Amino acid sequence: MTFSLTLKPGALTLSDLRQVWNHAAPLALDRDAYPVIDASAAAVRAIVAQGDAAYGINTGFGLLAKTRIPDDQLEQLQRNLILSHSVGTGELLSDAVCRLIMLMKIGSLARGYSGVRPLIIDTLIALYNAGIMPAIPAKGSVGASGDLAPLSHMTLAMLGVGQVRVHGILTDAGAALQAAGIAPVVLAAKEGLALINGTQVSTALALHGLFMAERLLEAGFVAGALSLDAAKGSDAPFDARVHEVRGQPGQIAAAAIYRQLVAGSAIRASHLVGDERVQDPYCLRCQPQVMGACWDIIGNAARTLLIEANAVTDNPLLFKDGDLSVVVSGGNFHAEPVAFAADTLALAIAEIGSIAERRIALLIDATLSGLPPFLVPEPGVNSGFMIAHVTAAALASENKSLAHPGSVDTIPTSANQEDHVSMATYAARRLDDMAQNTAVIIGIELMAAAQGIDFHRPLTTAPHLEHVHAQLRRSVPFFDADRFFAPDIAAAKDMVLRGELSAACRDLFAPLHP
């Protein structure tokens, strides 16, 4: 069934956002939003007609707020704002992130506090539906006064200036709009500022990190359970009573998932009696505690980001005061909540990879796992998983540096008018690098654990995990002798990022996706 979305301003769900992240699908705005948008735009026109100075409507910006702009220059003021603020650099944001940015900007403006005409919102919707993605450089925002530079690049597309991406191909914005039958907009008073003030870029990047973290969490559960069986570990630490007496909700839920993942394993049944080991290493035994804590902070970040996805975050804002409209300057563009959410997601992504790396180290160590050294027949002539583990260790260590909080940094801008910033855009942007690293680590663990399961044949692992093993083996064969290993790692990584290895256990992970 084709997904489509009728946007009710302020009512986006995480499911809506995941769908838009995953797919380019038709978007429409609920018709009930238009009267509110019209009224807000009319209020701006009335303020201009009255001639009173109002920030961002008929004044300069930032430290130039005291400069009054003549009415006949207001359109030029807004256009100049966009041109001068389009100073981003770096790689272009992906289509998935651009879709989220446009969706949230449409939803924010449509709540009727920003003073833009329906034409502005309709033009953004038209670009979205035509698959015309603004060419937005990833770097250049400090996450307060909004994501000014990247959102200016988004707005350039509406003006028909610069470049856009259509079906993955960069092309001239004016030509793309003409081909789609979309007229470039001429910005009226307040509209340029409303478009570029806001946290939509940092929030979209953080949502991208959130959805990646959810997939990594799923794959980390599966990989950890498979490693447990490969190492002939015990499922006793997953006993519900252990976790109930502590009371941490994520830990309790994680333990329940592990119990279901390993249920019915013939490998486990083979060493229930006579196993000399008393306790497993922490990377096996403490999985519910670690992954449950990750689950909790991922959930907390999701709640913050959902609120922000529906928020009005530009400045100034227009409110009704009886029959009058008043302009109120505030600071909703400050993305501190997004920065904090991104920083906690970074902790979760790093820890999911860190504990997975420890399980790889365990599996290749014959003294701990009981498996052939480095998980390969004829070790010595074959190095097996020796250097694959080094790769995992390198990436886990890199993630430790990347996990340093972005939100603790600030740097003054705009001649000290904007003297404390959130750095949310960086904090969120680095999540993709971290997720890519952790996906490789989990991919290597899955291959190592599958190798261990194969060494235990004809014994079988649990039914859920047999499905995972079979899915992996369709792309990555048994490692019987040294071969060019990088393509196998890349294939396993891709399966992690696409959610393929956890698909056979999808019902177990439903609680992860509220």
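Which residues touch the most other members of the largest nonpolar core? Select L17, F221 and L446, which hold that place among its 168 residues. A nonpolar core here is a set of buried Ala, Val, Leu, Ile, Met, Phe, Trp, Tyr and Cys residues joined through side-chain atoms within 4.5 Å; buried means under 20% relative accessible area, exposed over 50%, and partly exposed in between (1.4 Å probe, protein chains only).

Before moving on, note that this is a predicted model, where local features need pLDDT of at least 70, side-chain atom pairs count only at pLDDT 80 or more, and totals for chains, interfaces and linings use all residues. Residues are numbered from 1 along each chain as its sequence is written, and side-chain values use heavy atoms, leaving out hydrogens and water.

Next, colour α9, which gives this core its largest share, 19 residues. Helices are DSSP runs (H or I, at least four residues), numbered from the N terminus.

Now centre on L446. Not counting residues up to four places away in sequence, L446 touches V222, A223, L226, V468, L472, V496 and L501, with contact meaning heavy atoms within 4.5 Å.

From there, go to helix α19 (residues 463-473), where L465, V468, H469, L472 and R473 are buried. These residues lie on the same side of α19 because they cover an arc of only 130 degrees around the axis, taken from the directions from the helix axis to the C-beta atoms. Their cover includes α9 (200-230), α11 (249-262), α18 (424-455) and α20 (486-498).

Last stop: S152 in helix α6 (residues 148-159). S152 is buried, at 0% relative accessible area, and its contacts beyond four places in sequence are I82, H85, S86 and I196.

Key. Helices (H or I, at least four residues) and strands (E, at least two) are DSSP runs, numbered from the N terminus.
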